[in-house]
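Hello,

Here is the structure we spoke about handing over. Please look it over first; my notes follow below.

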Amino acid sequence: MTAAAPSPVAPVQDESLLRAALKGLVVPLCGVAFAFGVWSLEGRVLDAYDTVTAMNIGVAMMLAVSLNIVNGMTGQFSIGHAGFMALGGYTSGMVTYYGSLLLWGTAARQGGPFGAGEWLFAASCVAGGLVSACAGYVVGLPSLRLRGDYLAIVTLGFGEILRVLLQQTNRVIGSREGLAEAKWRELIPPPVGGAVGFNGLPKYTNLFWVGLFLSLTVIFAVRLKRSAIGRSMIAIREDEIASYSVGVNVTRVKVRSFVIAAFLAGVAGGLYAHRIGVNIEPRDAGFQRSFEYIIMTVLGGKGSVTGSMIAASILTYLPEWLRDFDRYRMIIYASLLIAMMLLRPQGLLGSREIWDFLPWFRKRRGTAR
Amino acid sequence: MTSGPARFALASPENRPLLDVQDVGIAFGGLKAVNGFSLQLPERSLYGLIGPNGAGKTTVFNLLTGVYRPDRGGIRLARHDLTGRKPHEITLAGVARTFQNIRLFGEMSVLDNVRLAAQLRRSVGALSTFFRGPRFHRCEADLRDRALELLDVMELRGDADAPARSLSYGHQRRLEIARALATRPKVLLLDEPAAGMNPQEKQSLAKLIESLPERFELSVLLIDHDMGLVMKVCRKITVLDHGEIIAVGPPDRIQNDPNVIAAYLGEPTPDA
Ligand SMILES: Nc1ncnc2c1ncn2[C@@H]1O[C@H](COP(=O)(O)OP(=O)(O)O)[C@@H](O)[C@H]1O
Ligand SMILES: [Mg+2]
């Protein structure tokens, strides 16, 4: 827009504001189109096995991108991200499973594509996100006053405590009558299957819903990075003392980043819980899984949304691909990780995005915007 | 803290100073880094704070900006009591600073460093951040214009898109001032802004600092080791040594004060 002319600065025209605002809506709509696009590949280009892998990659991307908001953008070391995912997954599972029992008398799938069941499922994912966000607030508020190692320990504790609590839950109740006759002690702690996991969830997750929630997550993360909130997050990562000296409410911004990340992880958990071929289990809340997501964000680059997406797809696909090597699998996996970190310690993309490497885009994204 | 309001009631509203620091002190372990420091900073003034290395100057800034909480004493800015407030609240009330050891957001662009500071009193929610409606864009455009204006003042506009860490030392110091100004302060604390600058840069910096009070309607409290600069720019100076005030007055008096000369020569003062 304006060239690097000396002052006075040319005001931004209203017309360009309107166009920018329109773009604000167009991009999420492209996300919806993307979701339809990947969904249409299901069964044509992708066989059943590929579809599952694609869904795994999509969910992993959501978790890596959301964790990157806390670990990468804000620079706080959280190692309890799987806890938020599992909490969202269990919550969402309870909504669809017991909701279906109450509404239709069976937990089986209701309706076809975009039928009643799928909408219940979509809403349950959002509900999972909200419950996770609340947990993020509760965990975040006291612990974000802590720094570095202490914060890491508290978040680790959250995931591990959740895992143990989930093991102590009640058996899943199989019918509407069972639910009606259930005694209090069968309902509290909640009937989500204890150590064996939450069986019998309707398998609603498909590439449409993964594509939709993934693209909304990515759009949000990218827009966050280039916004007032994102700037204050990155500032905290760069220098906490300098950030409060320019008026950033450091505690509030940290908690906010924690809540946002937990919300997105919770939604991803909903998708995870309703996927073909897996049951959500207490183990999913544990630190091993959290660690996988941390590796993705580190490998992708701090604060790089597209970087963590690339890393998430590589690290999700790699074990599948290495299956042929069977017992050397973990050794190859680990060596590749070490090699990557030695060759590119700042991560694949550093703190940049993939389009920052295109000269045309870089020019457009200069001072003018 | 004990007699907060009563102490300030003595000053009549007309000639009440903009920044009123009364008898603040802080000790680190046994070391009294600042002891009984008082300062009355009038509106639109240029005030100097000098003293040998380790005298406690930076610690005074840290006390004024809430990085440290004073063990005793009170700090007031116009009608606000700033004593014991959180750093970001103090910035919001109108005290901004630069750092002796430069603290920029290195990975962020020069523009974003200033824009972040300019967004202090503008809030945009998470939902608005997602949908990017007209309000979001107007807010971002305002912040951008304001930041670019300040970069013009500091002659940094050409570097707007560069990461802050890539700037030269002198430019980084100027960026710190631009960033502090973006918070719209009433009091600007400059901690050795000329350190590491060449004579030419220092001269233009001096001119710039002198222009700040009228241009931005604020008062400047300046720490620097370059006596020439402080004597030239400031109307009044406080001298610290070992955490205590040893002299207060206009530059010509300070220059000839035997206590000050002794402190700078490293000799014990007669009454020490
Ligand atoms: N956080 C701290 N902990 C312990 N001692 C400190 C701290 N901050 C400053 N000091 C001490 O206070 C004294 C004054 O330091 P400072 O204010 O940085 O001096 P200067 O006048 O050079 O800016 C020094 O002796 C310093 O070591
Ligand atoms: Mg100092």
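This is a predicted model. I start with the contact between the chains, which takes 42 residues from chain B and 36 residues from chain A. On chain B, the side that touches chain A draws at least two residues from each of α3 (87-93), α4 (110-118), α5 (126-131) and α6 (134-153). The biggest contribution to that side comes from α6(B), with 8 residues. Sorted by class, the side of chain B that touches chain A consists of 18 nonpolar, 14 charged and 10 polar residues.

Next, chain A as a whole. Its secondary structure comprises 15 helices and 0 strands. The C-alpha atoms of chain A occupy a box of roughly 75 × 45 × 45 Å along the principal axes. The radius of gyration of chain A is 22 Å; because a compact globule of 369 residues would have one near 21 Å, the value agrees with that expectation. Of the 369 residues in chain A, 49% are buried. Counting contacts in chain A between residues at least 6 apart in sequence, 79% link residues at least 24 apart.

One helix of chain A gets its own check. Helix α8 of chain A covers residues 207-225, and its 19 residues should span 27 Å at 1.5 Å a residue; the end C-alpha atoms lie 26 Å apart, so the two figures agree.

Regards

Note on methods. Residues numbered from 1 in each chain as written. Chains lettered and ligands numbered in written order. Predicted model: local features only at pLDDT ≥ 70, side-chain atom pairs only at ≥ 80, totals over all residues. Helix = DSSP H or I, 4+ residues; strand = E, 2+ residues; numbered from the N terminus. Expected span 1.5 Å × (residues − 1). Rg over C-alpha atoms; globule rule 2.2 N^0.38 Å. Buried ≥ 20, exposed ≤ 12 C-beta atoms within 10 Å, placed from the backbone. Contact = placed C-beta atoms within 7 Å. Nonpolar A, V, L, I, M, F, W, Y, C, P; charged D, E, K, R; others polar.
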